[in-house]
Amino acid sequence: MRIACPYCGERSLDEFLYSGDATVKRPDFASPTATEEFVSYVYERTNPPGMHRELWYHAAGCHAWLVVTRGVATHQITSVEAAREVALKEKSATKDTK
Amino acid sequence: MAKQGLTATSAFLHWKPVANSNLTVDARETLTMASFAAAKGKKDELNAAVRAAYGVDLPKTPSRVEGQQGVAFVWAGPEQWLAVAERKDGRDLETEFKKTFGPLASVVDQSDGRVVVRISGPRAREVLAKGIPLDLHETAFRPGSAAITHASHIGVILWQIDDKPTYEVALFRSYVDSFAHWLLDSAAEYGVAHA
């Protein structure tokens, strides 16, 4: 499997570390149901076949965090984005709706 | 009482220099190096400061540019760079950059932490290609190209100087012996004796 790092170009899998699900959001610790929300955030995964959005870390390269959309059965990768850009986009989207 | 203290020691104590018609390998021991990253929201101002002081733009893609005053800038990650210059007349890039860039960048000295090895000659590409998982063919990696990757599992920053070809590899000082072990094994078929 090869991942096209948006900064370095296409690199071999051995330069990257898998760093978990990119879709979960850290809950608010002040929420009255924080314990349940954190259990879900940390542990509960449905692991469906098909496309996943995953965090990958370019450990032996530019040290960027990436959001990779990957088919877990086929290893087909349909998009690789810098996690920083994804986060900034989400932040500006939330700001716009407020 | 005997004087106590630390003595500067070469990182290349166990090396014999390599030089034949296929390959030369040199330790570049007289360098001053600093890594730096743009402060939040200051990358344009930092670039302007570099342009004013050294006459070049900072590379935005994995590449290396040679600026004025003998400083080369190597891309080392998004909004991060490694700068390399000869350490003569007590030159120290960390001090120089902190003075020049002020609050525009975070600067960290790399002169002791990292070493640079220069690998040159008609077989340099083949020797490196055995342990570096990148396409080093002249149509894919050229003079001015740079990359952060690994060489025989040792983290390196690699750049190409010219099309002899000459490459330079920056790696952590304590990995030099392991790196040399691999490099000389890799070069054995080109008439290089293992140290």
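Buried area, as I use it here, is the accessible area (1.4 Å probe) that two parts lose on being put together, summed over both.

**Ground rules.** This is a predicted model, in which local features need pLDDT of at least 70 and side-chain atom pairs count only at pLDDT 80 or more, while totals for chains, interfaces and linings use all residues. Residues are numbered from 1 along each chain as its sequence is written, chains are lettered from A and ligands numbered from 1 in the order in which they are written, and side-chain values use heavy atoms, with hydrogens and water left out.

**Entry: chain B against chain A.** I looked up the buried area first: chain B and chain A bury about 850 Å² between them, and 56% of that is on carbon and sulfur atoms. Eleven residues of chain B and ten residues of chain A make the contact (contact means heavy atoms within 4.5 Å). Which residues of chain B lose the most area to chain A? I found Pro78(B), Ile148(B) and His150(B), together 46% of what that side buries.

A salt bridge here is a side-chain nitrogen of Lys or Arg within 4 Å of a carboxyl oxygen of Asp or Glu. I did get two residue pairs in polar contact there, both residues at pLDDT 80 or more. A polar contact is a pair of N or O atoms within 3.5 Å; within protein, one must be able to donate a hydrogen and the other to accept it, and residues adjacent in sequence count only if both atoms are side-chain atoms.

Strand β9(B) gives the most to the side of chain B that touches chain A, with four residues. Helices (H or I, at least four residues) and strands (E, at least two) are DSSP runs, numbered from the N terminus. I sorted that side of chain B by class and noted seven nonpolar, three polar and one charged residues. In this sorting, Ala, Val, Leu, Ile, Met, Phe, Trp, Tyr, Cys and Pro count as nonpolar, Asp, Glu, Lys and Arg as charged, and the others, Gly among them, as polar.

**Entry: the two domains of chain B.** Chain B is assigned domain 1 (18–28 + 113–188) and domain 2 (31–109); such bounds come from an automatic or database domain assignment. Their centres, taken over C-alpha atoms, are 23 Å apart. Twelve residues from domain 1 of chain B and twelve residues from domain 2 of chain B take part in the contact. I read off about 1,000 Å² buried between domain 1 of chain B and domain 2 of chain B, with 71% given by carbon and sulfur atoms. On the domain 1 side, Arg28(B), Ala146(B) and Trp159(B) lose the most area to domain 2 of chain B, together 43% of what that side buries.

How many salt bridges are there between domain 1 of chain B and domain 2 of chain B? I count one salt bridge. Arg28(B) also turns up in a salt bridge with Glu86(B), the closest N and O atoms being 2.7 Å apart. Three residue pairs are in polar contact between the two domains.

Entry: Glu79(B) sits in the loop between β5 (72–75) and β6 (80–86) of chain B, and Lys43(B) in helix α1 (residues 43–54) of chain B, 36 residues apart.

**Entry: chain A.** I went through chain A and listed two helices and six strands, in the pattern β-β-β-α-β-β-β-α along the sequence. Its C-alpha atoms fill a box of roughly 45 × 30 × 25 Å, taken along the principal axes. I also flagged Asn47(A), where phi is near 50°, a positive value in a residue other than glycine; Asn47(A) lies in the loop between α1 and β4 (51–57) of chain A.

**Last entry: a cis bond.** Lys164(B) and Pro165(B) are joined by a cis peptide bond, with omega about 0°. I placed Pro165(B) in the loop between β10 and β11 (166–172) of chain B.
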